[in-house]
Number of protein chains: 2
Amino acid sequence: MTTATATTPGPEGKELPLRERKRLRTRRALVEAALVRYARDGFEHTTLDDLTDDVEISKRTFFRYFASKEDVALAPEKEFWAAFLDVLREAELSGPVLGVLHRALVTALERMGEEWERRFAESRRLVERIPALAAHSLQHCAETSGDILELLSVRLGPLAADDGGPDGPGMDELRLRIALEITVAAFRCALHTWSTGPADAGRAELIALTGRAFAAVPGSLDLMARPAGHG
Amino acid sequence: MTTATATTPGPEGKELPLRERKRLRTRRALVEAALVRYARDGFEHTTLDDLTDDVEISKRTFFRYFASKEDVALAPEKEFWAAFLDVLREAELSGPVLGVLHRALVTALERMGEEWERRFAESRRLVERIPALAAHSLQHCAETSGDILELLSVRLGPLAADDGGPDGPGMDELRLRIALEITVAAFRCALHTWSTGPADAGRAELIALTGRAFAAVPGSLDLMARPAGHG
DNA sequence: CAAGAAAACGTCACTCAGTGGCACATGCCT
DNA sequence: AGGCATGTGCCACTGAGTGACGTTTTCTTG
């Protein structure tokens, strides 16, 4: 599934194998058609035949590209999480974990292509509207979280001594889990505001909103239901 | 949608309309059959006909009880979130929001029936294993989060002055969102540990694990990737 | 208790997502 | 040119989910 860039035999293989280019073109066309159709005609009222007619492929071929009708609309999101994982693999892991994760999010966002931004925005708007897409999005996000957790456990596990601290064993692993969940939660908050806001908001706004969400985290722990000194 | 708020006040032997009792009985039988089948034969290898044969109803009737094949296995979870919302409606909202939410979770857990516990444990084990169930679970959880947020905004919105504080407008609403997300995240962490642990762990263990997860939250913000003083 | 309203159920027919199998076409390598 | 691998189209099929309509069961009211 996670088909990264193909291994090019040459030194700087700009020219991808012609077969691959065709494949990518079909893939893009499918995503594009899906985003347009789902937004215009609605997700439920769009049949697979509509999509395959647009791109002129058979229904059977569709499922060689995407696992489901929902999957095709979440392609931009999957690309992003894959990029995020890549960043996390390369990045230097030092300092506060939450900061590391925040920086990795921003870096991944900045790495994405120009066209991706448009598709991603459209995809997110659909996810906000269509429960079936939201379900798949959340599921994929959770799955990725598992991968991230594994990655982080390996890369900074031996560094964080966690055998019988003042809070008992396994507490730091739990903290790592929570930190990751908070990261994802903050990002999703940012995404929500971003995709329900003005349509011309670019990734700069998303990065800013993400920063805002992260900034709100510490204060959220001390948030008071009833201001002190009130009955 | 959520019409089946079967309030069981006091003794269980409350004389409900005979029609309702039959309905509840069928519903329970369906959930039970689904949990058994999905666990024993696998989710994918269980057809709707298998379920409807067990309970001796028609396939058409099945969809008058549950919206999907996944839905039936998530009934215990839905019951819980409904209870949680009820608690939040009645509870006194004062003090730290995170504490309020934590207490509400525990209270809701304690309110559930005895039989519910068994079904819930089984349901969670299935959710951990089956992506399709995970997706629906997450989606419903997110949906409920929306309801909770609305509820909280109304009940403690006017109390928390949020017009142009030191961090700009809307910051406290953002903090509330994050606090809610953290709550759900902590609970899900507890659930994960609970359902992948020993099979005889009851709700007392779940409550303890929830407390542990909440306790890990503050430390997760300051978690360091590389301990200070290391190369 | 009879009779009608209301809710629930079953049957049939249908749409559509998703899969397996197999033949055919296309790009790739030597 | 050849063989090889991969991608594609077509066909038939399973299974989830829905709409329509007639029948049964339960609740209600006189």
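Trainee: Which residues are closest to DNA strand C, and what makes a residue count as near?

Mentor: A residue is near a strand if its C-beta atom, placed from the backbone, lies within 6 Å of it. In this predicted model 17 residues surround DNA strand C, and the closest are A:Arg19, A:Leu48, A:Ser68, B:Arg60 and B:Thr61. Helix H1 (18-41) and helix H3 (59-65) of chain A, together with helix H1 (18-41) and helix H3 (59-65) of chain B, each give two or more residues to that surface. Helices here are DSSP runs of H or I with at least four residues, numbered from the N terminus.

Mentor: A word on conventions: residues are numbered from 1 along each chain as its sequence is written, while chains are lettered from A and ligands numbered from 1 in the order in which they are written. Because the model is predicted, local features need pLDDT of at least 70 and side-chain atom pairs count only at pLDDT 80 or more, whereas totals for chains, interfaces and linings use all residues.

Trainee: How do you know what relates chain B to chain A?

Mentor: Copies are superposed by least squares on the C-alpha atoms of residues with pLDDT of at least 70 in both. Chain B can be laid on chain A with an RMSD of 0.0 Å, by a turn of 180 degrees and a shift of 0.0 Å along the axis. That is therefore the relation of a two-fold axis. The same surface serves both copies, since 98% of the contact residues of chain B recur in chain A.

Trainee: How many residues does the contact take from chain B and from chain A?

Mentor: Two residues are in contact if their C-beta atoms, placed from the backbone, lie within 7 Å. By that rule, chain B gives 43 residues and chain A gives 43 residues. On the side of chain B that touches chain A, H8(B) supplies the largest share, 12 residues. A:Ile178, for its part, touches residues of chain B including B:Ala185, B:Ala186 and B:Cys189.

Terms used. Lists of a residue's contacts leave out its neighbours within four places in sequence.
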